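Got a model open and wondering where the labels come from? Let's go through a few of them together.

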Amino acid sequence: MECSQKSQILPAHRAPGVLSDRPLIALDGEIWYCALGSLPLPDSMNVISSDSLSKTYKNGLGRRNEIKALDAVTLSIESGQIFALLGPNGAGKTTFIKLLLSIAHPSFGGATVLGRPIPNVEVRRRIGYLPENHRYPGYLSGTEVLTYFGRLARVPYDVLRERIPQLMEIVGLSARKDHKVKTYSKGMLQRLGLAQALINDPDLIFLDEPTEGVDPVGRKEIRDVLQSLSRQGKTLFLNSHILSEVELISDRLAILDRGKLVREGTVEEFTSAESQVEIRLTAEPPEAFSHAAAATLMRLEYAAHSLTAHISTPAELNRLIDLLRAYQCEIVSITKKKTTLEDSFLKLIRREVSS
Ligand SMILES: Nc1ncnc2c1ncn2[C@@H]1O[C@H](COP(=O)(O)OP(=O)(O)O)[C@@H](O)[C@H]1O
Ligand SMILES: [Mg+2]
């Protein structure tokens, strides 16, 4: 099977606390194991809490090449949120998830997941994971894939018989559930991956680039599923570099660049720090106005018959309107331009690069 051929068994010393004969899930080139018996886990406001979490990969001859993939990331994620970790390729997003799931181990720092310090295997019973670039054997049907992963997760057959059709319904694959996976589109494969991540009815779901390579219609369908999961009280942790998407669904987000946390906040906080207002005029403002406006320290950009002002408060906007009126400028319209998450992201990343 494609999956198991790619997989490798983690030696015990790389997976402390793991019982060796209980494979839970085989994904992304790694096999996970689950411990016997499910321990009750304490509920916590912060489902994820990392403290200076760091990872340096060592490669090459004598492991001399060091790559600092994650550099002292301290982050908390509350229960019930849709949280997105954003960043360019190679920023360390996948590494962060792998550390939280104990697929890789930190070089420094630590974290708790669902109230338990990492590494912790029992918590995986309450976690779902959609890895980046996952692949399923093409000769299996969607239902067979979910049955396989369900059994690896030790979900009893009678539960699976009920749950699989429900999940297929949720992800919109009911009509194709018995078709072979090789006939699925990229969007359908991602939705099947989503169903696979939900097979153990998890409380916390990690989704690594869930809409990668999916067309706009497929992306909307995936967003709808994620929002409906969030309404059911699940906590979702997404990795993404598709900013417009994240803006539409996330409650909070953090930007990672070259392993470092650059900024964290709500989408609103990212996009409303500074507003841009476009004021259209019947004629170009006189030069005397430009001199007077320069004294206000407001940033203005002039175009033919319009100007764009970067303002922080409504008082600033009113001062600008008073000034325009004082110079007999006739206003046609005033439009607030929203800063997109992309504007904000690019500004932050560029600042990091130039610093
Ligand atoms: N197993 C590994 N061995 C060596 N370097 C790695 C490994 N995994 C990731 N890296 C490196 O760590 C950095 C962060 O990678 P990754 O976490 O995959 O970033 P992202 O998911 O944001 O694209 C990159 O420079 C990547 O090449
Ligand atoms: Mg990645």
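Q: Why are α3 and α5 called roughly parallel to each other?
A: Keep in mind that this is a predicted model. Helix α3 (residues 142–152) packs against helix α5 (residues 186–197) at an angle of about 30°. Angles under 35 degrees count as roughly parallel, so α3 and α5 are roughly parallel to each other. Their axes are 9 Å apart, and α3 passes α5 in a right-handed crossing.

Q: Which residues meet where α3 packs on α5?
A: From α3 come Gly142, Val145, Leu146 and Phe149, and from α5 come Leu192, Ala195 and Gln196. Sorted by kind, the contact has five nonpolar residues, two polar and no charged.

Q: What makes Leu243 count as buried?
A: The cut-off is 20 or more other C-beta atoms within 10 Å. Leu243 has 20 C-beta neighbours inside 10 Å, so Leu243 counts as buried. Leu243 sits in helix α7 (residues 243–249). Leaving aside neighbours within four places in sequence, Leu243 is in contact with Leu86, Leu341, Glu342 and Phe345.

Q: Why do β14 and β16 stand at the edges of their sheet?
A: The open sheet has four strands in the order β14-β15-β13-β16, with antiparallel pairing. β14 (299–303) and β16 (331–337) each have a single partner strand, so one side of each has no neighbour in the sheet.

Q: How many bridges join β13 to β15?
A: Six bridges join β13 (residues 275–281) to β15 (residues 306–311), and the two strands run antiparallel. In one of the pairings, Ile279 has Leu307 in β15 as its bridge partner.

Technical notes:
Residues are numbered from 1 along each chain as its sequence is written. Chains are lettered from A and ligands numbered from 1 in the order in which they are written. This is a predicted model: local features need pLDDT of at least 70, side-chain atom pairs count only at pLDDT 80 or more; totals for chains, interfaces and linings use all residues. Two strands pair if DSSP finds at least two bridges between them. A residue is buried if 20 or more other C-beta atoms lie within 10 Å of its own, exposed if 12 or fewer, and partly exposed in between; C-beta atoms are placed from the backbone. Two residues are in contact if their C-beta atoms, placed from the backbone, lie within 7 Å. Axes are lines fitted to C-alpha atoms, for helices over the stretch in contact, and angles run from 0 to 180 degrees between N-to-C directions. Angles under 35 degrees count as roughly parallel, over 145 as roughly antiparallel, 65 to 115 as roughly perpendicular and the rest as oblique. A crossing is left-handed if the near helix is turned anticlockwise from the far one by less than a right angle, and right-handed if clockwise. Ala, Val, Leu, Ile, Met, Phe, Trp, Tyr, Cys and Pro count as nonpolar, Asp, Glu, Lys and Arg as charged, and the others, Gly among them, as polar.
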